[in-house]
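Thank you all for making the time this morning.

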Amino acid sequence: IVWVKEIRNRHWLQVMHVTKKSFQLEANIFKLKFILDIDLLKHRDAIEEILCGSKAELELEMKLRHIEEEWTEQILKFQSFKSRGLVLFDQDHMNHLLDTLGDAKTTLSAMLTSKYVKPLREEAATWSLKLDEVSEVLEE
């Protein structure tokens, strides 16, 4: 079994549950002895499943952070209409935004169906609702 950097405290808690052993997770207390005492080979399959889940969760989290960054900092471009000033969305930019929005909504929809989304479900659902609202506004 290879321990990966993706493993979070929630995954260590799952390992404790599977092995029915507990240990301290604080960095200054956590020791190799704790890992050796849990009899890893006896619980190999369950622990590997936890590790695979941690990798999948990290991938989902990275996608969510990308969407969050992209849409938190999105800039709208306007163009002039007659003598009224900048009152219309720039059409080329709008098309790009709608494409980007569609991609983000598709990614969020896929995330929300993943079995690994549980720790991120609420945040992903919130972003999905936000982007639905953005979509409605932009399409009008």
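**From Ser128 to a pair of helices**

Let me start with Ser128, which has its place in helix H5, the run of residues 121-139, and please keep in mind that what we are looking at is a predicted model. Is Ser128 buried or exposed? Its relative accessible area is 15%, and because under 20% is the cut-off, Ser128 is buried.

Which residues does Ser128 touch, once we set aside its neighbours within four places in sequence? They are Leu108 and Leu112, and in the case of Leu112, which lies 16 residues away along the chain, the C-alpha atoms of the two residues are separated by 9.2 Å.

Leu108 brings us to helix H4, residues 91-113, where Leu108 is buried, as are His93, Met94, Leu97, Thr100, Leu101, Ala104 and Met111. H4 has 23 residues and reaches 33 Å from its first C-alpha to its last, close to the 33 Å expected at 1.5 Å a residue.

Finally, the axis of H4 comes within 11 Å of that of helix H3, residues 44-72, and the two cross at roughly 150°, which makes H3 roughly antiparallel to H4. The crossing of H3 past H4 is left-handed. On the H3 side the contact is made by Leu60, Lys63, Leu64, Ile67, Glu70 and Trp71, while H4 contributes Leu97, Thr100, Leu101, Ala104, Thr107, Leu108 and Met111. Sorted by kind, the residues of this contact are 9 nonpolar, 2 polar and 2 charged.

Key:
Residues numbered from 1 in each chain as written. Predicted model: local features only at pLDDT ≥ 70, side-chain atom pairs only at ≥ 80, totals over all residues. Heavy atoms only, no water. Axes fitted to C-alpha atoms, helices over the stretch in contact; angles between N-to-C directions. Helix = DSSP H or I, 4+ residues; strand = E, 2+ residues; numbered from the N terminus. Parallel < 35°, antiparallel > 145°, perpendicular 65-115°, else oblique. Left-handed = near helix turned anticlockwise from the far one by under 90°. Contact = heavy atoms within 4.5 Å. Nonpolar A, V, L, I, M, F, W, Y, C, P; charged D, E, K, R; others polar. Expected span 1.5 Å × (residues − 1). Buried < 20%, exposed > 50% of the residue type's maximum accessible area, 1.4 Å probe, protein only.
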